[in-house]
Amino acid sequence: MQKHAYLIIANRNPGQLQTLLTLLDDSRNDIYLLVDRKSVGYPRDFQLNYATLFSVSPLIIDWGSYSQIEAEMRLFQAAAPGKYAYYHLLSGLDLPLANQDEIHAFFAAHPGKEFITYSSQESGAQLLARVQKYHFTHNFRQPNKAMRLFRKIEKAEQRVFPVRKKFARILAFGSNWVSLENDLVQVLLREDDRIRTMFARVFLVDELLVPTMLNIYPEFKDRIYYDRPVHDRPEEFQGSLRYINWWDGSPYVWREKDYETLLAARRQGHLFSRKFDAEVDKAIIDKIAGQLLEIK
């Protein structure tokens, strides 16, 4: 039996995270959990009956900064010795849309494939602007108006006078939530120094990590399950198998009224979805979980 690793980054809603863990609780899975160190008082003990849960050393995660990649790499590093069939990167605000029998059957039927979502929404110039070095700040959502103004000026200057043009031909853009097989995960870990050199002290590059590394290692491109770029439209298939609604939000938080939409996304082939938030609508979380647990 080839096991799967679920790699979860969480920062809030521990009760909702317990629901996610319950839906992943299967003897065929190991679960690796990294909690944002800013989440003071966040519990570290969760109830599982079948899967093994590993706590990964926390770090402070700031939106838009390299810390997002660092968290992902820390999870890959923790899980890699297990040489799993698949590594599924999730946030604590995700849910599966299928039960574990369906998920394992699907990946067993598509061995060696890489599941990522490419996006067509960024031009080459916009991608290059993301990898210009920033100064003085690592928190791009801070309330300091002077720092926000400085960052706006800095970004404008970097678009006009980019200093890292050597990266222009290899940059690519897609979702950072992916399902990868073991060979590619091992490559990412071997390239840790290069990844840090390219992406440390730059802006919003977690969405560049895996697509760019696939350009550096083109032999993996034949393994991509679905490589057609999306345009953030509801009818499109998202190759990461994660149904994420960018057309109504950033991303949109699912609500109970969207239940049939999520069922349709599952029929289309999506095995996971985000974003769910118990503080916005707990009913949709309970409805999906109840349906999956009943099938189980």
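1. Asp 232 is partly exposed, with a relative accessible area of 26%. The class runs between buried, under 20% relative accessible area, and exposed, over 50% (1.4 Å probe, protein chains only). Phi of Asp 232 is near 60°, a positive value in a residue other than glycine. Asp 232 sits in the loop between H8 and E7. Helices (H or I, at least four residues) and strands (E, at least two) are DSSP runs, numbered from the N terminus.

2. Some ground rules. This is a predicted model, in which local features need pLDDT of at least 70 and side-chain atom pairs count only at pLDDT 80 or more, while totals for chains, interfaces and linings use all residues. Residues are numbered from 1 along each chain as its sequence is written, and side-chain values use heavy atoms, with hydrogens and water left out.

3. Arg 201 lies in the loop between helix H7 (192–199) and helix H8 (209–216). Its relative accessible area is 41%, so Arg 201 is partly exposed. The peptide bond from Ser 250 to Pro 251 is cis, with omega near -10°. Pro 251 belongs to the loop between strand E7 (242–244) and helix H9 (259–268).

4. Aromatic pairs. The structure holds 17 of them. Rings of Phe, Tyr and Trp (its six-membered ring) pair if their centres lie within 6.5 Å; planes under 30 degrees apart count as stacked, over 60 as edge-to-face and the rest as tilted. Tyr 32 and Phe 54 are stacked, at 4.8 Å centre to centre and 15° between the planes. Tyr 32 lies in strand E2 (residues 29–36) and Phe 54 in strand E3 (residues 52–59), so the pair ties together parts that are 22 residues apart in sequence. Tyr 32 is buried, at 6% relative accessible area. Phe 54 is partly exposed, at 33%.

5. A tilted pair and a ring cluster. The planes of Tyr 42 and Phe 46 stand at 50°, with centres 6.5 Å apart, so this pair is tilted. Both Tyr 42 and Phe 46 are buried. Elsewhere, ring pairs join Tyr 86, Phe 106, Phe 107, Phe 115, Tyr 225, Tyr 226 and Phe 237 into a cluster.

6. Which residue lies over the face of Tyr 259? Lys 287 does, at 4.6 Å from the ring centre. The criterion is NZ of Lys or CZ of Arg within 6 Å of the ring centre and within 35 degrees of the ring normal.

7. Nonpolar cores. A core is a set of buried Ala, Val, Leu, Ile, Met, Phe, Trp, Tyr and Cys residues joined through side-chain atoms within 4.5 Å. The largest has 52 residues; Leu 7, Phe 76, Leu 171, Leu 180, Ile 195 and Phe 199 touch the most other members. Helix H2 (residues 67–79) gives this core its largest share, six residues. Leaving aside neighbours within four places in sequence, Phe 76 contacts Leu 7, Tyr 87, Leu 180, Val 185, Leu 188 and Leu 189. Contact means heavy atoms within 4.5 Å. A second, separate core has 41 residues, including Tyr 86, Ile 103, Phe 106 and Trp 254.

8. Salt bridges. There are 14, each a side-chain nitrogen of Lys or Arg within 4 Å of a carboxyl oxygen of Asp or Glu. Asp 101 and Arg 28 meet at 2.7 Å, N to O. This pair links distant parts of the chain: Asp 101 is in helix H3 (residues 100–109), Arg 28 in the loop between helix H1 (14–24) and E2, 73 residues apart. Asp 94 and Arg 274 meet at 2.8 Å, N to O. Asp 94 lies in strand E5 (residues 94–96) and Arg 274 in strand E8 (residues 272–274), so the pair ties together parts 180 residues apart in sequence. Both Asp 94 and Arg 274 are buried.

9. Arg 194 and Glu 191 meet at 3.0 Å, N to O. Arg 194 is partly exposed, at 37% relative accessible area, whereas Glu 191 counts as buried at 11%. Salt bridges that share partners join Asp 26, Arg 28 and Asp 101 into one network.

10. Is Asn 176 buried or exposed? At 9% relative accessibility, Asn 176 counts as buried. Asn 176 lies in the loop between helix H5 (145–160) and strand E6 (179–181). Its side chain makes polar contacts with the side chains of Glu 72, at 3.2 Å, and Trp 177, at 3.3 Å. A polar contact is a pair of N or O atoms within 3.5 Å; within protein, one must be able to donate a hydrogen and the other to accept it, and residues adjacent in sequence count only if both atoms are side-chain atoms. Not counting residues up to four places away in sequence, Asn 176 touches Glu 72, Leu 89, Asp 206 and Glu 207.
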